[in-house]
Amino acid sequence: MDASPSKHATTANRKGSSLLPDNGDDSGQNEQPLFATTLEDEHKQKLKAGIEMLKQELELQKQKRVALLKRAGMDIEQVRQLSDEHIERLHRYNDIKDAAQILFGKLAELKGKTVKEIYEEHGVDFAD
């Protein structure tokens, strides 16, 4: 038996894989698998379908929000205004709390006590 490669194997190597397009160029520089564009297209289609599904979900959520606002007798501007007022109140609360903590710290320092002891003396919950 002959140890050299068969004629069939040589022909297959010369032409390349059956998964590659035959563009008549034997240089091999621009060869891409035929299935690459198919997989890419499938991926794009899946992404587009996912985007469409998310758009539908967003629209459904908007409709639910409008229905809830109507039941509450409010519109979106009223909700935004209420939210802005609440946020402003939270900022004021935090500023006052920060100032109180500074004062309790200074008082503790002056009395030679811990801040926790000062909190307890004034009936303030240390966890607050």
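Me: Which residue takes a positive phi just after α3?
Reply: In this predicted model, local features need pLDDT of at least 70 and side-chain atom pairs count only at pLDDT 80 or more, while totals for chains, interfaces and linings use all residues. Residues are numbered from 1 along each chain as its sequence is written, and side-chain values use heavy atoms, with hydrogens and water left out. Helices are DSSP runs of H or I with at least four residues and strands are runs of E with at least two, both numbered from the N terminus. Just after α3, which covers residues 76–111, a positive phi of about 70 degrees is taken by glycine 112.

Me: How far apart are the end C-alpha atoms of α3?
Reply: The expected span of a helix is 1.5 Å times one less than its number of residues, and for the 36 residues of α3 this gives 52 Å. The model agrees with that expectation, because the end C-alpha atoms of α3 are separated by 52 Å.

Me: Which residue has a side-chain oxygen that reaches the backbone nitrogen of glutamate 77 at the start of α3?
Reply: The residue in question sits in the loop between α2 (34–72) and α3, and its relative accessible area of 41% makes it partly exposed, that is, between the limits of under 20% for buried and over 50% for exposed (1.4 Å probe, protein chains only). At the start of α3, the backbone nitrogen of glutamate 77 has within 3.2 Å a side-chain oxygen of aspartate 75.

Me: What is the geometry of the aromatic pair, stacked or tilted?
Reply: Rings of Phe, Tyr and Trp (its six-membered ring) pair if their centres lie within 6.5 Å, with planes under 30 degrees apart counted as stacked, over 60 as edge-to-face and the rest as tilted; one such pair is found in the whole structure. Phenylalanine 104 in α3 and tyrosine 119 in helix α4 (residues 115–121) form it, so the pair ties together parts that are 15 residues apart in sequence, and both residues are buried. Their ring centres are 4.7 Å apart and the planes meet at 45 degrees, so the pair is tilted.

Me: Which element of the chain has the lowest mean pLDDT?
Reply: The elements run α-α-α-α from the N terminus, and pLDDT, the predictor's confidence in each residue from 0 to 100, averages 81 over the chain, with 71% of the residues scoring at least 70. The highest mean among the elements, 95, belongs to α3, whereas the lowest, 44, belongs to residues 7–15. Over residues 1–18 the pLDDT is below 50, and this stretch has two contacts in the model beyond near neighbours in sequence.

Notes. A polar contact is a pair of N or O atoms within 3.5 Å; within protein, one must be able to donate a hydrogen and the other to accept it, and residues adjacent in sequence count only if both atoms are side-chain atoms. Contact means heavy atoms within 4.5 Å.
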